[in-house]
Amino acid sequence: MTDDSSSTPNSRGLPPPPVPERLREMLKDHPDHIERLQEVLNQVAYDGRVLLMPFDQAIWALEGRLETFIHEAKADLEAAQVDEDAQAIELARAKEDLMFRARSSNGGMKGLHDLWNYFKENEDAL
């Protein structure tokens, strides 16, 4: 079963909030991560509660999910090191570095204009 919640409006008629372009670009080889970022953004926008600071809540949700990605990448690296698999270690280090860059305010969390515009345009519905 496919979840198409990333492209369909919710019960309020709101389209889903966009995963920031820079994050989509950085994580293009990890579509499951992009999907998981979309999930947390949808939770913020589609929560049903009145949001006082929806943009800030979206940022916090993205940061939390990106922290999860970092922890998962670290676990992958540790597992590769235990197995002493040089190729897996190299791939895991690259993934860990990518997740740190994605979480960085000068990396993936920089230039969130599309997300800001979404919440500004839909503030009355939120």
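1. Glu-72 is partly exposed, at 30% relative accessibility; the class lies between buried (under 20% relative accessible area) and exposed (over 50%), with a 1.4 Å probe and protein chains only. Glu-72 forms a salt bridge with Arg-36, the closest N and O atoms being 2.7 Å apart. This pair links distant parts of the chain, with Arg-36 in helix H2 (residues 31-46) and Glu-72 in helix H3 (residues 54-83), 36 residues apart. A salt bridge here is a side-chain nitrogen of Lys or Arg within 4 Å of a carboxyl oxygen of Asp or Glu. Helices are DSSP runs of H or I with at least four residues, numbered from the N terminus.

2. The model is predicted: local features need pLDDT of at least 70 and side-chain atom pairs pLDDT 80 or more, while totals for chains, interfaces and linings use all residues. Residues are numbered from 1 along each chain as its sequence is written, and side-chain values use heavy atoms, with hydrogens and water left out.

3. The salt bridge count is six. One of them joins Glu-21 to Arg-24, with 2.2 Å between the closest N and O atoms. The two residues are three apart in helix H1 (residues 21-26), so about one helical turn separates them. Glu-21 is partly exposed at 43% relative accessibility, and Arg-24 is partly exposed at 29%.

4. Lys-120 and Glu-123 also meet in a salt bridge, at 3.6 Å from N to O. Lys-120 is partly exposed at 44%, as is Glu-123 at 43%.

5. Helix H4 (residues 86-103) has 18 residues and spans 26 Å from first to last C-alpha, close to the expected 26 Å; the expected span is 1.5 Å times one less than the number of residues. Its buried residues are Ile-89, Ala-92, Glu-96, Leu-98, Met-99 and Ala-102. These residues pack against H1, H2 and H3, where contact means heavy atoms within 4.5 Å.

6. The whole structure holds two aromatic pairs. Rings of Phe, Tyr and Trp (its six-membered ring) pair if their centres lie within 6.5 Å; planes under 30 degrees apart are stacked, over 60 edge-to-face, the rest tilted. Phe-55 and Trp-116 have ring centres 5.1 Å apart and planes at 90°, so the pair is edge-to-face. Phe-55 lies in helix H3 and Trp-116 in helix H5 (residues 113-121), 61 residues apart. Phe-55 is buried at 19%, whereas Trp-116 is partly exposed at 42%.

7. Tyr-118 and Phe-119 have ring centres 5.0 Å apart and planes at 90°, again edge-to-face. Both Tyr-118 and Phe-119 are buried.
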